[in-house]
Structure formats: C-alpha cells, structure tokens
Amino acid sequence: MAAAGTGYRRERALALRNSSSALYNNLTVLCPPARPPRAFGAVHGTTLSLLGPEGPPRQLPARGGGSALSTPLLTQAAWCELPARVLLVLTSQRGVQMYEADGSTLVFWHALDVPEHPAAHSVFARGISAAGERFICVGTSSGAVLVFDIPPKGTNVTLSEVLEQHRDPVTDIAAEQGQAPEAAGDLVTADDSGTLCLWSTGEEFTLLGRIPGSGCTCSSVTLWNGIVAAGYGNGQIRLWEAGTGQLRAQVSAHARWIYALDLAPLTGKLLSGAEDSFVHVWKLSRDPDTDDVEIRHCHAECVTDTQVCGARFCDPAGDTFAVTGYDLSEILCYGPA
Amino acid sequence: MSARTLPLLFLNLGGEMLYILDQRLRAQSIPGEKARKDEWTDVDRKRVMNDIISTMFNRKFMEELFKPQELYSKKALRTVYDRLAHASIMRLNQASMDKLYDLMTMAFKYQVLLCPRPRDILLVTFNHLDAIKDFIYESPAILNQVDETFRQLIETYSCLPDGEFQLIRQTLLIFFQDMHIRVSIFLKDKVQNSNGRFVLPISGPVPWGTEVPGLIRIFNHKGVEVKRTEFTTAGNYVTPQREGSFELYGDRVLKLGTNMYSVSRPVETHVAGSSKNLASRAKENTVPNPLAKEELNFLARLLGGLDIQKPAGGETGFRLNLFTTDEEEEHAAQTRPEDLSYKVINIEATQEPGRRAELSRILGELEVAEPRPGSAEKGEDLLALMDGL
C-alpha cells in the first residue's frame with residue numbers, strides 16, 4: 001500500500017450526454033456504503049445528467065415552466081442521505097424538486113414565489129443539504145433557507161421552517177460530517193457576501209453564531225469536527241472555528257474563483273476545485289496539545305483548459321475523487337497513485 | 001438566470017460585429033477616385049459604421065434592452081443582429097451573416113471565459129464602447145448617444161456585488177455552452193485548440209483582489225498568526241500591477257474586448273461539422289421551442305424601436321462578403337452543417353403602422369389555448385410561418 005497515500009492519478013473519464021454548466025458545486029455523487037458502483041449527477045442548463053451504475057445515462061428536466069414561461073434553469077442538484085432514505089434534490093429558478101434516489105419518482109415539488117415580470121433581482125433556489133437526521137435544507141436567492149421535514153417514506157414532505165438570517169443569495173449549505181464539539185452547531189449556511197451562519201438543527205433550528213462576510217462570495221462550504229472550511233471568490237480557503245467564529249487558517253489556494261469544496265470525513269481530507277483549472281487535495285487536522293487547526297497541501301491536479309465547476313470525493317476516506325468542468329462532457333475520475 | 005445579462009451580451013456582441021465589419025470594409029475598400037459604382041470607398045465605410053452605430057444606440061432601443069429580462073435563444077438574438085447589420089446600404093448574404101455571427105459569439109465567449117474577475121466583464125464592455133466611440137468620433141450626435149449608454153451601464157452595474165457579476169457570467173456561459181467553432185485568428189494566436197476549446201493559461205497576473213497561490217497561514221484561538229507554510233504547483237502566477245478604470249474615461253488595463261482584427265489579419269472560421277462530441281452538443285434546432293411566442297413578442301418590442309433607414313429610391317445596397325471570394329461564400333452556404341444553421345426569423349417589424357398591425361394580428365392568431373398533444377414541433381411551425389412573411 002502506498003505510504004502516505006497522498007498521490008493521485010487520473011483513472012478514467014465517464015462520458016456524459018451533456019456538458020456541465022458553470023455553476024457552483026456542480027457535481028453530486030452517491031456513494032453507497034459498500035464498494036462502487038456509484039452514481040453521478042451534473043447539471044446542464046435545464047436538465048440534470050445522471051450516470052448510474054447500470055443502464056444508460058438519463059436526464060431529469062427542471063420543472064415549473066408554464067406555457068408563458070421559458071424552461072427554467074437548474075442551479076444545483078444533490079443526493080441527500082438521511083438515515084431512513086436518500087432523496088435526489090434539484091434546485092432551479094422556479095423551485096425545489098425532490099425525487100427518489102434513482103430519479104424515477106417525483107416525491108415533492110416546492111414552488112418559489114416568482115414575480116410575473118422579471119425584476120432586477122433574480123429568483124432561484126440554490127444550496128442543498130441533508131440536516132439533523134430528518135431534514136433537507138435548501139437556500140434561496142432572497143437569503144432565506146427553507147427547512148423541509150422529510151418522512152421516512154412517502155410524499156408527505158412539509159415545509160417546517162424558514163430561516164431568515166442571510167440578506168444575500170445563499171450559495172451553499174453543509175452539515176457536520178464528523179463529531180461536533182460542544183455548542184458548535186451541526187449546520188452551516190453560506191451566501192454571496194461571504195457571511196456564514198452556524199445552526200443547531202432540530203424541531204426548531206437555532207442560530208448559534210454568525211461570521212460576517214467581507215463582500216467576497218463564499219461559494220462552497222463544509223463542516224467537520226467543528227471546523228468550517230469555506231471557499232471564496234478570491235481563491236482563498238478559510239478555516240473557521242464553528243463554536244467561536246474565530247479564523248484558524250487562511251490559504252491562498254487558487255488563482256481564480258473557487259467553485260467546489262468537499263470533505264472526506266474518515267480522514268479530514270479536503271478537496272477544492274476552481275476556475276483556475278486546478279483541483280487541490282488538502283489534509284485538515286487538529287493538534288491535540290495546542291488545539292490549533294492544521295491544514296497541509298497533499299496534491300495538485302491541473303485539468304488542462306478547463307474551468308472546474310464540481311469536485312467530490314467518491315469514498316469516505318478520500319482515496320478517490322471526481323471532477324466536472326464547464327463545457328466538459330465527461331466526469332473525470334481520480335484514484336490512488 | 002440573472003435578469004441583467006442582456007445589455008452586456010448585446011453590447012459586447014455588437015462591438016465584435018463592428019470590429020469585423022470595419023475590418024472587412026477596409027479590406028474591400030477602393031480609393032474614392034478609382035472606385036466603380038459598385039465598389040466600396042472609405043466614405044461608404046464610414047457611412048455604414050455611422051448608420052449601424054446610431055441604430056444600435058438608439059434611445060428607445062436601449063430603454064427596452066436595459067429592462068430586467070431573461071436571455072432569449074441564440075436564434076432570437078441573431079435576428080436582432082441581422083436587422084442591425086442591414087441598417088444601412090450594406091447587404092450580407094446568409095452565409096456571410098452566419099460567419100459574422102459565429103465570429104461574434106466565439107469572440108465574446110472567449111472574453112467571458114478569460115475574464116480574471118466576473119466584474120471585469122464590465123471592463124470588456126467598456127473596451128468595446130471605447131472603440132465604438134473611436135469609430136464615430138466625427139459625429140457628435142452619435143457620440144452623445146454612446147456616452148448616454150455608457151452612463152447607463154455605469155449606473156446599472158457599478159454598484160453590483162461580485163456575486164451578482166458571477167451570476168451574470170454564469171448566465172452568459174450557459175448561453176455560450178457547447179459552442180466550439182474554430183476561428184482562424186484564435187488558432188493562429190494559440191488561444192484556441194484545434195478541437196475548438198479555448199486555452200486557459202495557468203500563468204500571468206492573478207485577478208485584482210486575489211493573492212498568488214502558495215501561502216498557508218495558521219492562527220491560534222486568540223487570532224494570532226502562529227505559523228506560515230508554503231506549497232507549490234505547476235501554475236506560474238504574479239501579482240497584478242493595477243486595476244482597470246470603471247469610469248467613463250480611463251485605462252481599462254484589460255486587453256480583452258479590444259480590437260484584435262486588422263487589415264492584414266483576415267477573419268476566417270472553420271465550421272466544425274462532425275466531431276465526436278456531436279451527440280453531446282445541445283441541438284437547439286431539434287428541441288421543441290415553447291418560447292417561440294414570447295420571443296416574437298420580445299423581438300417585436302425591440303425591433304419596433306429600431307429606426308431602420310431603407311435605402312432611398314435608386315440607391316442599391318452594397319454587398320459585403322465576409323469570405324475572400326464569392327465562390328467561397330457560395331460553398332460555405334452549401335456546406336454549412338445542419339445542426340449549426342440558425343434558421344433566421346424574418347420579421348418585418350418596422351415602424352410602419354400597417355406592418356405593425358399585421359405583426360400584431362399574426363401574434364394574436366398564435367394565441368393557442370391548449371398545447372395540442374403531439375405538437376412538439378409547434379415552435380418550429382411558428383418560426384416557419386414568420387419566415388414566409
């Protein structure tokens with residue numbers, strides 16, 4: 001077995017029927033607990049391209065276009081894994097679509113309030129995460145975060161709460177993937193101004209803390225063992241202490257806007273992808289004596305002539321990952337070197 | 001997605017169109033005293049540029065353009081440029097118009113893709129406008145119109161946050177998705193690969209506000225920096241010198257959006273017909289277009305504001321060829337791949353009340369209560385109807 005296991009190499013490319021659009025976090029991967037096969041999804045304009053372990057590639061369209069309205073654009077898609085079930089969630093300019101994990105059945109549709117004539121402020125849903133064992137949270141362009149209560153089976157999904165702490169369009173939402181320390185919260189929401197909100201989930205969500213943004217968009221966020229890892233439009237990755245809101249690390253990681261972050265919970269590996277064509281793998285850890293957060297660079301991958309828009313680990317240890325890029329009709333898969 | 005995208009799309013594509021037309025007109029122009037009746041002169045060139053620019057920056061047209069609205073299809077937008085290109089004595093055949101539109105769209109796609117920051121799309125727009133002002137500096141009235149639009153751009157876009165600019169950029173990139181037409185000048189300059197994809201450099205200045213990658217800073221729980229480490233990658237970046245100006249006048253610093261054509265660098269395109277990605281390319285022409293009616297409304301509103309001058313009696317249009325010879329143009333028309341045809345809508349949406357009434361009547365007739373089952377090609381039928389006008 002490779003010593004430090006920090007090297008990766010390109011393994012294969014999976015053909016998509018359509019190219020991927022330039023949208024934040026534009027790759028979702030379903031990793032069953034057993035070994036592969038896995039399923040992948042990437043958004044192309046008004047449809048979601050799905051690649052399953054078997055059968056031909058499929059497409060799910062955005063919903064909600066009436067005869068007078070144009071076909072709405074999708075903004076994001078993500079598999080949400082809850083203890084009782086897995087749902088595939090799509091967000092668009094019109095609302096939120098939830099399907100069974102294989103995309104076969106529509107379970108729930110939530111329509112956003114879309115004005116009759118387009119206003120200067122765009123309306124869309126964006127930012128998807130499973131939260132607190134039985135909720136799915138979805139962000140919106142108004143800054144509101146919708147909390148949906150998901151029954152263990154069936155279609156009786158209800159809107160349980162609307163969280164209104166963000167004043168700018170929500171970009172990403174992430175749930176705690178490890179063990180949250182005391183009072184650190186188990187959900188983080190991010191927006192266009194770079195503001196991060198920390199929440200504790202439950203019957204009623206409680207706001208535990210707010211890290212004000214400085215105007216630089218936070219496009220992608222992860223939460224692990226009380227550490228928030230956030231990717232920004234100026235190419236920086238910042239690590240924040242979820243409990244105190246203290247900045248613990250700042251990395252000049254990319255030369256362009258970061259589009260995707262992902263975290264491997266078993267090892268604390270962090271994956272970042274940006275418009276600069278680079279994908280980086282980092283290792284997060286905590287010094288047990290000083291309690292300082294550590295981040296070290298493990299691996300760099302240059303996807304030639306491609307602006308990366310999606311990057312996900314394909315296993316919980318972070319030994320494999322997949323990448324999508326704007327105008328690229330493939331999903332690039334990387335494995336241990 | 002962003003309802004503020006259209007003005008930027010329109011003005012930048014228009015700017016590229018003017019660069020190309022100017023270059024072709026210069027290449028084909030003959031000194032005044034030697035010109036035959038059917039050949040271009042310098043005076044003709046200036047007149048064409050003046051006519052098109054004053055039509056483009058028409059106040060009523062700009063008012064419509066700046067209203068918040070979603071982007072329409074490439075088909076609908078192409079119709080507007082068709083009308084614009086014919087706003088003077090100049091005439092273009094279908095093949096030349098196709099080539100013109102290919103060049104315009106690939107050039108702006110390149111500029112959007114390579115913009116260091118999403119906000120820099122505004123600088124690209126200002127570069128185009130600066131050059132347009134140069135074309136018509138001798139006409140104070142038109143210059144005024146352009147300055148008005150400049151001011152409106154500054155007013156509308158200057159205060160937008162970066163996140164909103166990125167949304168605009170993402171909307172533009174969706175519009176340009178899957179376009180990989182090879183442009184000779186790009187291939188020669190090595191900014192485009194032979195497969196039609198643009199070269200994205202991993203060296204040079206980082207965007208204003210971004211740091212050169214490499215530094216990791218660690219802070220303790222009190223916020224005091226306790227450690228610095230570095231990492232290296234294949235990229236070779238440097239700090240930028242200064243930021244471009246977003247004022248009415250100023251050094252934009254960014255070169256994207258400036259005129260890359262000159263008389264010695266002719267404009268060529270290769271229209272990539274078959275490629276292994278054919279299946280994955282969005283086939284816009286075969287997908288049913290439920291938007292057709294709304295697009296027609298948009299066009300009627302937009303084009304209704306255009307004050308197109310018909311050539312006076314006795315004056316025939318001068319034909320401009322975007323290819324080197326007539327035979328080449330003919331050949332291009334015959335060999336253009338089906339999936340790249342723009343299927344232009346021919347609407348006579350002019351100021352004439354009679355014509356406008358007719359358009360309204362036609363639009364009224366298109367009011368279908370219920371979509372008929374199996375009428376997947378309804379959108380296509382409507383467009384074919386309009387073609388027959």
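This is a predicted model: local features need pLDDT of at least 70, side-chain atom pairs count only at pLDDT 80 or more; totals for chains, interfaces and linings use all residues.
**View 1. An open, antiparallel sheet in chain A.**
Here you can follow 4 strands of chain A, lined up in the order E2-E3-E4-E5, with antiparallel pairing. Strand E2 (28–30) and strand E5 (58–61) of chain A stand at the edges; each has a single partner strand, so one side of each is left without a neighbour in the sheet. From one strand to the next, the twist averages 25°.

**View 2. Strands E4 and E5 of chain A, side by side.**
Zooming in on one pair, strand E4 (residues 47–51) of chain A joins E5(A) in the antiparallel sense over 4 bridges. To find your bearings, look for A:Leu50, which stands opposite A:Arg58 in E5(A).

**View 3. A:Gln177 and its contacts.**
A:Gln177 sits in the loop between strand E14 (170–175) and strand E15 (187–191) of chain A. Its relative accessible area is 34%, so A:Gln177 counts as partly exposed, a class that lies between the limits of 20% and 50%. Which residues does A:Gln177 contact, leaving aside its neighbours within four places in sequence? They are A:Leu223, A:Trp224, A:Leu263 and A:Pro265. Take A:Trp224 as one of these: A:Gln177 and A:Trp224 are 47 residues apart in sequence, yet their C-alpha atoms are 5.2 Å apart in space.

**View 4. Helix H2 of chain B and its buried side.**
Helix H2 (residues 42–56) of chain B has 15 residues, which at 1.5 Å a residue should span 21 Å; the end C-alpha atoms are 21 Å apart, in agreement. The buried residues of H2(B) are B:Asp44, B:Arg45, B:Val48, B:Met49, B:Ile52, B:Ile53, B:Thr55 and B:Met56. These residues cover an arc of only 165° around the axis, which puts them on the same side of H2(B). As a reminder, an α-helix has 3.6 residues a turn, so residues three or four places apart point the same way.

**View 5. Helices H5 and H8 of chain B, packed together.**
Helix H5 (residues 94–114) and helix H8 (residues 162–175) of chain B pack at an angle of about 145°, and their axes are 10 Å apart. The crossing of H5(B) and H8(B) is left-handed. From H5(B), B:Tyr101, B:Phe108, B:Val112 and B:Leu113 meet B:Arg169, B:Leu172, B:Leu173 and B:Phe175 in H8(B). For context, the secondary structure of chain B comes to 13 helices and 8 strands, and buried residues make up 52% of its 389 residues. Among contacts in chain B between residues at least 6 apart in sequence, 79% join residues at least 24 apart.

Technical notes. Residues are numbered from 1 along each chain as its sequence is written. Chains are lettered from A and ligands numbered from 1 in the order in which they are written. Side-chain values use heavy atoms; hydrogens and water are left out. Two strands pair if DSSP finds at least two bridges between them. Helices (H or I, at least four residues) and strands (E, at least two) are DSSP runs, numbered from the N terminus. Axes are lines fitted to C-alpha atoms, for helices over the stretch in contact, and angles run from 0 to 180 degrees between N-to-C directions. Buried means under 20% relative accessible area, exposed over 50%, partly exposed in between (1.4 Å probe, protein chains only). Contact means heavy atoms within 4.5 Å. The expected span of a helix is 1.5 Å times one less than its number of residues. The arc is that of the directions from the helix axis to the C-beta atoms. A crossing is left-handed if the near helix is turned anticlockwise from the far one by less than a right angle, and right-handed if clockwise.
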